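User: I would like to go through the terms used for this structure and see what each one rests on. Please set the values against the cut-offs as we go.

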Amino acid sequence: MDFIKEKINVTLDTIKRIMEPVLLNIEFEYVECEYKKNNTPPAPDAGWKKFAEGERLTGVDKHYWMHFTLDAVPAQKDKELLFMLNTGREGAWDANNPQGLVFLNGTATQALDTNHTWLGLEFDKAYDVYIYFYTGREGNYFDVLPKLVLRDTLLYQLYYDILTPYEVLGVLPADSYDAIRIKNALEKASFLLDWRNKGSEAFYQSVRDTIAFLKEEFYEKECGNVQGEVSCIGHTHIDVAWLWTVAQTREKAERSFSTVLNLMRRYPDYKFMSSQPQLYQHVKEANPELYEEIKQRVKEGRWEVEGAMWLEADCNLISGESMVRQILHGKKFMKEEFGVESKILWLPDVFGYSAALPQILQKSGVDRFFTTKIYWNETNSMPNDIFMWKGIDGTEIMTCFIRDYVRRLNPESMYRAWDQFKDKNLTDRIIATVGFGDGGGGTTPEMMEYYNRLKHGLPGMPKVMIDTANNFYDHMEKDFANNTKELRTLPKWDGELYLELHRGTYTTMAKNKRSNRKSELLYQEAETLSVLDSVLLGGKYDQETFDRNMINILLNQFHDIIPGSSIKEVYEVTDAEYEQILSDANAIKTEKLSAICKNVKTEGGILVYNPTPYAISDYVEADGAVYYADAVPAHGYKVISDAPTTYGVTVSDRVLENDLIRVTFDDHYQIISVFDKEAGRETIAEGAVANRLELYEDYPKCWDAWEISEYYQQKMWICDDVTAVEKTERGVRVTRKYGNSEIVQEIAIRNGSKRIDFITKVDWHEDHVFLKAAFPVDIRTQEATYDIQFGNLKRPTHRNTSWDRAKFEVCAHKWGDLSEGNYGVSLLNDCKYGYSAYENVISLSLLKSAKDPNPVADMGMHEFTYSFYPHTGDFREGQTVQEAYLLNMPLTAQRIEKTEGTMPEVYSLVSCNRENVVVETVKKTDADDSVIVRLFDCYNQKTEATVTFGFDVKKVSVCNLMEEIEYELPVDGRSVTVPVKNFEIVTLKVEA
C-alpha cells in the first residue's frame with residue numbers, strides 16, 4: 001500500500017493545528033433581556049455582570065446582551081484577524097441551538113451560530129462589541145468562549161487547495177483514472193512542503209511553492225474536462241414558524257441576512273437567493289440599515305429576490321383565492337421594494353401541491369416552479385427531476401425537483417447532486433441550493449473556499465458555479481428547446497403532485513384550520529358587501545383593514561402553521577390573531593348589511609343576504625323564528641315576508657323524515673338507512689351503519705403531528721356509547737362518550753333538501769387517537785371526486801398499484817363524492833380537509849391528537865359541521881357544489897323595518913347564467929377604484945358565460961390574476977359574455 005491518502009490527511013491535520021493561533025481569550029459582561037425592540041443595548045445600570053470563568057448559559061427561548069471592547073491590533077503580513085466564539089454546539093442542528101447577532105461599533109455585522117463561528121476584523125482598529133444572543137430551545141447548558149484569533153492566510157489557502165481534491169478522493173472509485181490523477185498531484189505537492197522550521201522564511205517559501213505548483217500543475221492542467229455543471233444558489237431556508245414563534249423568525253431573518261451580506265463582502269463572487277416577502281418585511285422593520293444594504297445588493301445582481309408568494313404557503317389546505325392573494329401580495333412587494341418581477345414559485349418544503357397551481361401561476365406571470373419535498377415520498381419515486389407539470393385545466397409549468405434544499409457546498413454533496421440527477425439526457429446542468437437554514441446562516445466561508453477550487457472542474461467532478469435561480473432556468477429552457485427539436489417531447493406529469501407523506505397535516509390542529517377557512521370565506525363576504533356599499537351607496541371600501549388582515553391570514557398559511565406542525569406557543573398567537581381578524585370582518589359585514597337595510601325601499605320584513613355564487617332557496621333564522629327564503633339571488637339579498645314557518649321535519653322513534661328522505665337509526669343512533677324517497681332507493685350499504693365514528697390508534701412511524709401511517713387502520717374502535725338523546729326542531733341531538741372525551745351531534749334535516757347535517761361539538765382529551773366519520777354507501781365506483789382549489793379532481797377508490805395505495809388519505813376542501821351512473825353521495829364539510837375513500841366507504845377525518853411538537857395539540861373544544869348528501873346523477877347533476885357553498889357560506893337574515901330607500905327588495909351584485917361557472921370573488925382592485933370579479937368553471941367543461949352586474953358599467957376587461965388588463969369585452973347593458981374553458985379561472989376588471 002502507498003498510504004498516499006493517509007499521508008495527505010496528516011498534512012492537513014498539521015496545517016489545521018498551526019494556522020489559527022489564539023491571540024486573546026476575551027472577558028465580557030452580560031445581561032438577560034426580553035426580545036429586543038430595536039438595536040439599542042440595555043443601559044449600563046440594567047444589571048450587567050461579568051461572565052465568570054467556567055460559567056455556562058442555559059435556558060429555553062432566552063435572550064442576553066453581551067459586551068466587551070477590543071484594542072487595536074497592529075497589522076501583520078499574510079495574517080487575518082478574527083473574532084471567534086465557540087459554544088460547544090458547533091456542528092449541531094442549527095435551528096434550535098444558540099445564535100447571536102454581532103454589533104461592531106454599533107453596526108449589525110454578522111450572526112454567529114453553530115455553522116458560523118467567526119468573523120473577520122480589521123487591523124489597527126478598536127472595537128466596541130455587543131452581541132444580542134439567543135439560547136435556542138434545547139434547554140441544555142452551553143459554553144460562551146469568545147477569543148481573538150490570528151489566521152495565517154497562506155496556510156489557510158494551502159489547506160483548502162489540498163483539502164478540496166483530497167475530499168474528492170473520498171467519492172471517487174479508488175482505482176479510477178481521475179482518483180489516480182488527484183493522488184499523484186497531491187503527493188507531488190507534499191514533496192515541496194518543508195516542515196523542519198515552521199514559521200521560518202524557508203517554511204513559508206515552501207508553502208508558496210506548493211500553492212504555485214497546485215495552481216499550475218493541478219487546477220490549471222488537470223481540471224476542466226467535465227460532463228456536467230452544478231448551479232449553486234446561495235440560500236438559507238427559514239421556516240416562518242415551526243419549533244419557534246414568528247417573533248423568533250423575525251430575529252432569525254435579521255441574523256441570517258446580516259451573515260449573507262458579510263459573506264458577500266468577503267467573497268465578491270458570492271450570490272444569494274431568498275424567497276418570502278414576509279421575511280424581508282421583518283428585516284425592514286427590525287433593521288432599516290441592513291434592509292437598505294440588501295436592496296443595494298439586489299440592484300447589483302448579487303441578491304436574488306424570488307418565490308412569487310408572500311411566504312412559502314401550504315398548497316393543500318389554503319383556498320384558490322388565498323393562493324391568488326399569496327402571489328398578488330408577494331409579487332407586489334417584490335416589485336415595489338426591489339423592482340423585481342418574480343418568475344419562480346419557490347416552495348422547497350411544502351407538503352404537496354394542488355393541481356390548480358399551474359394555471360394560477362401562469363395567469364400570475366409565474367412560469368417556473370421549484371420544490372424538493374416530493375423526494376420525501378415514502379412509497380413511490382417521481383420518474384423525472386425536470387418536467388412540465390400539467391394542471392387540471394391543461395396549463396403546463398416548467399418544474400424542477402432537487403433532493404435537498406440545505407446542501408453543503410463541498411465535494412461529496414456536489415458529486416451526489418449530479419450523480420443522483422435523473423435527466424442528464426435533457427440538460428447538462430442541475431441546481432443546488434447551498435447553505436444552512438432556520439437560523440443556520442446560509443452558506444459559510446468554508447463552503448466558498450471549496451467553491452473557489454470546485455469551480456475549476458476537478459477530475460471526476462461536475463463543474464460548480466455560483467448562479468442565480470432564474471439564470472439556471474434560462475439555461476434549462478434552452479436545453480429543453482434543443483432536445484424538443486432534436487430528441488423527444490419533454491417529460492410531463494399530469495395532475496396533482498401528491499406527497500406520500502405528512503398526511504396528518506390535513507387534520508392536526510383542527511381549530512387553526514377552522515379559523516383559516518372561516519377567515520378566507522368571511523373576508524370574501526366582507527369584500528363583496530363593501531363593493532356593493534361603495535358602488536351603490538357611496539360607502540367606504542376599507543382597503544387598509546382588508547390588506548392588514550389579509551397579510552395576517554397569509555402569514556398563518558405558512559407550511560408549518562396551518563398544517564398543525566408547530567409548537568404550542570405559535571398557536572397561542574394565531575388564536576388571538578384570528579379572533580381579531582374575524583372580529584374586524586364581522587364588523588365590516590354588520591356595517592354594510594346595516595347600510596343596505598337603510599337604503600332598501602320596502603314595507604318591512606326579513607332581509608336575507610346570500611353570499612354564495614348561486615341563487616339559493618333555504619330556511620333562515622332571525623329574531624328566534626324560522627323563515628323560508630325562496631330564490632335569494634347570488635351575491636345579493638332579498639326581502640321576504642316575516643311570516644314564520646317550520647323546518648318541516650318529522651321526528652319519531654329513531655326516524656327523521658322530510659319530504660325527500662327518511663333517516664333511520666339503530667340503538668346507538670348510528671344511521672342504518674337513508675332512503676331517498678324521490679329516487680326510490682336506499683343509499684346506505686346493506687348491513688352497514690353510517691356516520692360511524694371510528695377511533696384509531698395513531699402512533700405514526702415518525703413525525704407525530706405530520707403523519708398518519710397506513711397501519712393505523714389495523715386497530716379500530718367505535719364511539720357508540722350514547723349517554724343522552726333529545727329531539728330538536730330539525731332532528732335529534734345525540735351525546736356520546738369515549739375515554740375522556742364527549743361528542744355531541746345534532747343530526748338535522750329540513751324540507752326541500754336531502755342534506756343531512758351533523759352539527760358537532762367535541763370536548764376532546766385523547767392521546768394519539770385519530771377520529772373519523774365513515775359512510776359505507778350503496779355505490780359502485782372506482783374513483784372518488786374531490787373539491788380542490790378552483791375545480792376538482794378524481795382519485796382512485798381501489799389499491800391496484802403502489803401509487804393508488806399511497807393515497808389512503810387525501811386532501812380535499814368543501815366536499816368529496818362517490819357516484820355511479822345515475823346516483824351518488826357527497827360528504828360535505830365546513831372546515832375539514834382529510835378524506836379517505838376505499839371501495840364504497842367514504843370517510844372524513846375529524847380530529848387527531850399528536851403530542852409532538854405540541855403536547856396539547858387538539859385538546860379541548862371543537863365545533864364543526866359535516867353533511868351527508870345523497871343526490872341523483874353525479875356531483876354536477878346533484879348540485880353538490882351549490883350545497884357545499886351553502887354549508888360553508890349560509891344565508892344570513894335580519895329584520896328590516898319599513899324604509900323609503902332607493903334600492904330594490906331583490907338584488908344581485910353579480911351573477912352568472914351558467915351553473916358550472918362559479919363567481920368566487922368580488923373585490924376592489926389594489927391599484928384603482930375598479931371592481932375585480934373572479935370566476936371559474938367547476939364542471940370541467942367549456943362554456944360561454946354571461947355575467948350580469950347589479951350596477952352600471954363603463955368598461956369590462958379580462959385581466960390576469962395580477963389584475964393587469966389583457967383585452968376588453970363588449971358590454972351589453974349591464975352584462976358581458978366571456979368564454980370559459982375547462983376549469984379555467986377568468987378575472988374581470990370592471991369600471992363602474
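Analyst: We can start with the sheet, where a definition is needed: two strands count as paired if DSSP finds at least two bridges between them. The model is a predicted one.

User: What is the strand order of the nine-stranded sheet, and is the pairing parallel or antiparallel?

Analyst: The order is 33-34-35-36-45-42-41-38-39, in an open sheet with antiparallel pairing. From one strand to the next the twist averages 20 degrees.

User: What makes strand 33 and strand 39 the edges?

Analyst: Strand 33 (721-727) and strand 39 (791-796) each have a single partner strand, so one side of each has no neighbour in the sheet.

User: How do you know that strand 41 and strand 42 pair?

Analyst: Pairing takes at least two bridges. Strand 41 (residues 815-819) and strand 42 (residues 823-829) are joined by five bridges and run antiparallel, so they count as paired.

User: Which helix lies across strand 41 and strand 42?

Analyst: Helix 17 (residues 880-888) does, and it also lies across strand 36 (756-764) and strand 45 (860-872). Helix 17 runs at about 20 degrees to strand 42.

User: Which strands pair with strand 56?

Analyst: Strand 52 (residues 943-949) is joined to strand 56 (residues 975-980) by six bridges, and the two run antiparallel. Ala945 has Val978 in strand 56 as its bridge partner. Strand 55 (residues 971-972) is joined to strand 56 by two bridges, also antiparallel, and the cut-off is at least two, so this counts as a pair. Val971 stands opposite Val976 of strand 56.

User: What lies between strand 55 and strand 56?

Analyst: The two strands form a hairpin with two residues between them. Gly973, in the turn, has a positive phi of about 65 degrees.

User: Why is helix 7 called roughly perpendicular to helix 8?

Analyst: The axes of helix 7 (residues 288-300) and helix 8 (residues 320-338) come within 10 Å and cross at roughly 90 degrees. Angles of 65 to 115 degrees count as roughly perpendicular, so helix 7 is roughly perpendicular to helix 8. Helix 7 contributes Tyr291, Ile294, Lys295 and Val298 to the contact, and helix 8 contributes Phe333, Glu337 and Phe338. Of the residues in this contact, five are nonpolar, none is polar and two are charged.

User: How many disulfides does the structure hold?

Analyst: The structure holds zero disulfides.

User: Is Cys315 buried or exposed, and what about Cys400?

Analyst: Buried means under 20% relative accessible area. Cys315 has 0% relative accessibility, so it counts as buried. Cys400 has 2%, so it counts as buried.

User: Where is Asp113, and is it buried or exposed?

Analyst: Asp113 is in the loop between strand 7 (107-112) and strand 8 (118-121). Its relative accessible area is 6%, so Asp113 is buried.

User: Which residues is Asp113 in contact with, leaving aside neighbours within four places in sequence?

Analyst: Asp113 is in contact with Pro98, Gln99, Gly439, Gly440 and Gly441. Contact here takes heavy atoms within 4.5 Å.

Definitions and conventions. Residues are numbered from 1 along each chain as its sequence is written. This is a predicted model: local features need pLDDT of at least 70, side-chain atom pairs count only at pLDDT 80 or more; totals for chains, interfaces and linings use all residues. Side-chain values use heavy atoms; hydrogens and water are left out. Axes are lines fitted to C-alpha atoms, for helices over the stretch in contact, and angles run from 0 to 180 degrees between N-to-C directions. Helices (H or I, at least four residues) and strands (E, at least two) are DSSP runs, numbered from the N terminus. Angles under 35 degrees count as roughly parallel, over 145 as roughly antiparallel, 65 to 115 as roughly perpendicular and the rest as oblique. Ala, Val, Leu, Ile, Met, Phe, Trp, Tyr, Cys and Pro count as nonpolar, Asp, Glu, Lys and Arg as charged, and the others, Gly among them, as polar. A disulfide is a pair of cysteine sulfur atoms within 2.5 Å. Buried means under 20% relative accessible area, exposed over 50%, partly exposed in between (1.4 Å probe, protein chains only).
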